[in-house]
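Biologist: I've got a model open and would like to learn how to read it. Could you take me through it, feature by feature?

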Amino acid sequence: MINISHRGLIDGPNKRLENTIKAVDFALDTKLDVEIDVRLVNKRFYLGHDSIQEEVTIDWLLVRKKQLWVHCKDLDSADFFTSSNIDLNFFFHQNDDLCITSKGFLWIYPKKKFTKNSIIVCTSANEIKKIQYEKQIPKGICSDYPQLIKKIYT
């Protein structure tokens, strides 16, 4: 199973740490994949879920590309990645039940039906614990609790 840190978090929600270079790099150093929120503003890339936070370069993204799941938070960033043929795994969605990433993964919105080929987003530790009792286990889980996922699924 692919264990994906949601915004660089590893042991639960933390608004101060999420989508920061420090948190992302720490999660990557622990061999996790990481979902990040990216915005393109005035030809510059920024991490940030609800607003711009910390600037990153395209080189920063490319060095980490094998472990990144880039959630484009605006049309400009999605358009840039689509038109530039940059080899990143990126996606865009808002409230859709699912979307398909540029690498062909089904990215499932929280608490929606999933398949064994899905990457699901779990927003609580209880959701993660419940999944182990489902009829099928997803291909991956993105959450603020990847350390808990390691304990349960390894």
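Biologist: Are Arg7 and Asp37 buried or exposed?

Modeller: Both Arg7 and Asp37 are buried. Buried means under 20% relative accessible area, exposed is over 50%, and partly exposed is in between, using a 1.4 Å probe and protein chains only. Bear in mind that this is a predicted model, where local features need pLDDT of at least 70, side-chain atom pairs count only at pLDDT 80 or more, and totals for chains, interfaces and linings use all residues. Residues are numbered from 1 along each chain as its sequence is written, and side-chain values use heavy atoms, with hydrogens and water left out.

Biologist: What do Arg7 and Asp37 form, and how far apart are the closest N and O atoms?

Modeller: A salt bridge, with those atoms 3.0 Å apart. The rule asks for a side-chain nitrogen of Lys or Arg within 4 Å of a carboxyl oxygen of Asp or Glu. Arg7 sits in the loop between strand S1 (2-6) and H1, while Asp37 is in strand S2, so the pair ties together parts 30 residues apart in sequence. Helices (H or I, at least four residues) and strands (E, at least two) are DSSP runs, numbered from the N terminus.

Biologist: How many salt bridges does the whole structure have?

Modeller: The search finds 8. Another one joins Lys15 and Glu18, with the closest N and O atoms 3.8 Å apart. Lys15 counts as exposed at 63% relative accessibility, whereas Glu18, at 8%, counts as buried. Through shared partners, salt bridges join Arg7, Lys15, Glu18 and Asp37 into one network.

Biologist: And the nonpolar side chains?

Modeller: In soluble globular proteins, they tend to be buried together. A nonpolar core is a set of buried Ala, Val, Leu, Ile, Met, Phe, Trp, Tyr and Cys residues joined through side-chain atoms within 4.5 Å. Here the largest has 22 residues, and Ile36, Val38, Leu61, Val70 and Phe81 have the most contacts inside it. S2 gives the most to this core, with 4 residues.

Biologist: Which residues have a positive phi without being glycine?

Modeller: Most residues other than glycine have a negative phi. Among the exceptions, Lys43 has a phi near 65° and Lys111 one of about 65°. Lys43 lies in the loop between S2 and S3 and counts as exposed, at 80% relative accessibility. Lys111 is in the loop between strand S8 (106-108) and strand S9 (118-122), and at 70% relative accessibility Lys111 counts as exposed.
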